[in-house]
Structure formats: structure tokens, C-alpha cells
Amino acid sequence: MTAETLPRKNVPSTTPAALGLGDRPAKAGPDDPAATHVRVKLDVEIRALLAHEPGTKSGADPEDLHQMRVALRRMRSVLKLSGRLVGPDAEPVRAELGWLGQSLGDVRDYDVLIGHLHDVVAEFEVRDQPAARRLVSKFVTERGVAKRRLTRALTSPRYASMLQGIGRLARQPATEEADESPQTSADLVAGLAKPHRKLAKAVKALPANPPDDDLHALRIYGKKLRYAAEMAKPAAKKKQAERIQRLIKATKNFQTVLGDHQDACVAADRMRGALDTTDVEVAFIAGRIAEKELLRRAQVRAVWREVWAEVDAAAQAVSPRM
């Protein structure tokens with residue numbers, strides 16, 4: 001039994017009912033106010049987060065942690081863009097989501113790296129496999145440390161308090177106050193212009209060969225546009241919803257391409273860090289992997305602007321003013 005799988009005090013998972021939410025996720029349509037759409041999105045995503053919490057704690061399937069992190073990031077994006085519509089507590093809750101997101105992200109980064117390394121070294125010669133396994137085991141050990149930090153976070157009073165805060169924001173009031181939100185559903189669709197402009201401005205400012213960190217920042221801008229589009233889609237009429245769906249698809253592809261670039265950069269940096277090992281065979285394997293990652297990075301850099309053009313065209317189709 002490893003340290004990660006040692007028995008812990010049984011802490012029951014929170015349920016939607018415990019947060020004051022209904023048996024089923026709330027719904028909203030084009031005729032509902034914008035604040036209702038924000039609450040519905042929070043309702044949907046907090047249920048997704050809770051559904052993947054047990055699997056994240058157990059570590060049985062890395063996909064649970066990934067999906068829990070996705071739900072968290074969607075909620076953070078919603079609160080950043082439109083949190084003011086659901087009250088002054090939105091920003092403190094968003095900050096707490098950021099706290100948990102750091103712990104989830106640390107483990108997820110290791111999961112991506114370890115999974116990728118397994119695929120890469122599987123192609124190496126038999127004589128190199130022992131050193132390759134030693135290299136991977138180094139990151140498995142580091143991942144175990146990060147996972148224990150995450151488990152402590154998920155069983156802490158701070159996490160429980162964060163969930164209650166999201167529940168309060170997600171609950172639908174009996175009636176909407178007239179001055180609570182002047183925004184309509186149509187405003188959510190029009191609001192897509194802002195994250196698109198930020199992304200377009202960031203792209204335009206880049207040199208021909210941009211720094212790695214700048215491309216990573218573009219991915220974050222693209223993700224914010226995608227999450228905003230996902231929230232706006234139910235608020236749109238049929239034809240506009242179809243255009244927004246094309247935008248969602250384009251931004252998802254944009255995320256994937258730039259995500260590959262970021263993963264390659266991270267992997268190459270991790271390999272550089274392993275080069276100072278006293279195990280020369282492991283250092284040799286790390287050097288081989290680093291070379292492969294730099295090639296993957298170059299391949300993404302050759303195509304990312306074409307993928308951005310698809311995002312830009314899809315955004316312009318939603319509204320020419322975007």
C-alpha cells in the first residue's frame with residue numbers, strides 16, 4: 001500500500017441538496033434574465049464538480065480529476081465575466097476557486113506529463129526501458145506529494161465553505177428584484193465581443209516568433225471566450241445558437257492546439273531538470289525526450305495562426321461587430 005492509498009478518515013462528499021439546490025439542474029432559455037443564466041451555469045458546474053469529487057479523492061481514474069478541474073475553471077470564468085449579476089459574494093468565491101484550482105492543476109500537470117511519457121518511451125529500444133522507467137518513477141513520486149496536498153484540501157473546512165458559497169450563488173431566488181440585473185439574455189450573447197476583442201488584441205500584439213508564455217496566455221484567453229460562449233448559447237435564438245456552437249468548436253480546437261504546445265514546453269523543461277541526475281542513463285533518456293518535445297513545439301507553432309483564424313471567423317459570424 002502506497003502513501004497515497006493509505007486509509008483516511010471517511011469524509012462524506014457534499015451533495016447538491018446539502019447546498020440548497022434542487023434534485024435536477026435548473027434550466028434557462030432566451031426569455032430569462034442574464035442573472036438566471038449565470039446561476040444555471042453555476043448550478044450545472046457545481047454538480048459536475050461534486051460528481052467527480054469521489055474519483056478525484058480516490059485517484060482511481062485521472063479523468064475524474066480532469067473533469068473536476070474543468071468544472072471549477074468554468075465556474076471561475078463565469079464569475080469573472082458575469083459574477084456581478086449574482087451579487088457581491090461572487091468575487092470572494094472566485095478567489096476560493098482559484099485556491100482549489102492550484103492544487104488540482106498541480107496534480108493534473110503530472111497526470112498529463114506521466115501519461116505522455118509512457119507513450120513516448122514505449123517506442124524506445126528495450127535496452128533503454130529500465131532507465132525510462134526510472135525517469136517516469138521520479139515524476140510519479142512527485143505526483144504523489146502533490147496528490148496528498150490535494151486530498152488535504154478536499155477534506156478541509158475551507159473546501160466545505162467554498163462549496164457552500166457556490167451553492168448560495170447558484171440558488172435561484174423566488175423572484176428576481178427589478179434592480180438586481182438590468183441585463184437580458186441578449187446581453188450575454190453581445191457580451192462575447194469582450195473576450196473576443198481581448199484575444200484578438202493579444203494575437204495582434206505577438207511577434208512572428210512569440211515567447212512560449214505568450215502563447216500560453218493566448219490559450220487562456222481562448223478558454224475564456226469558449227466558456228463565455230457556452231454560457232451564452234442557451235440564451236440565444238436558434239440560428240444564433242448554431243453560430244455560437246461553431247465558435248465553441250473553434251475555440252475548443254484552439255485550446256487543444258495551444259495545449260499541445262504548452263504540454264511540450266512543460267515536458268521539455270521537466271526533462272532539462274532531470275539532466276542533472278547522477279544516473280547518466282536516465283539523463284540520456286531525458287535528453288531524447290526533450291528533443292522530441294521541442295519538435296512537437298515547433299509543429300504547433302507552424303499551424304496555430306491558422307487555427308486562430310477559424311476562431312476569429314466564427315466570432316465574426318456571431319456578430320459582425322465582434
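Glu-293 and Arg-296 are both buried (under 20% relative accessible area; exposed is over 50%, partly exposed in between; 1.4 Å probe, protein chains only). Their side chains form a salt bridge, 2.7 Å from N to O (a side-chain nitrogen of Lys or Arg within 4 Å of a carboxyl oxygen of Asp or Glu). The two sit three residues apart in helix 10, so about one helical turn separates them. Helices are DSSP runs (H or I, at least four residues), numbered from the N terminus.

The model is predicted: local features need pLDDT of at least 70, side-chain atom pairs pLDDT 80 or more, while totals for chains, interfaces and linings use all residues. Residues are numbered from 1 along each chain as its sequence is written, and side-chain values use heavy atoms, without hydrogens and water.

The count comes to 20 salt bridges. Three of them are tabulated here.

| Pair | N to O distance |
|---|---|
| Glu-293 and Arg-296 | 2.7 Å |
| Lys-57 and Glu-53 | 2.8 Å |
| Arg-288 and Asp-128 | 2.9 Å |

Arg-288 lies in helix 10 (residues 280–301) and Asp-128 in the loop between helix 3 (90–121) and helix 4 (129–154), so the pair links parts of the chain 160 residues apart. Arg-288 is partly exposed at 25% relative accessible area. Asp-128 is buried at 11%.

Lys-57 and Glu-53 are four residues apart in helix 1 (residues 34–58), about one helical turn. Lys-57 is buried at 18%, and Glu-53 is buried at 1%.
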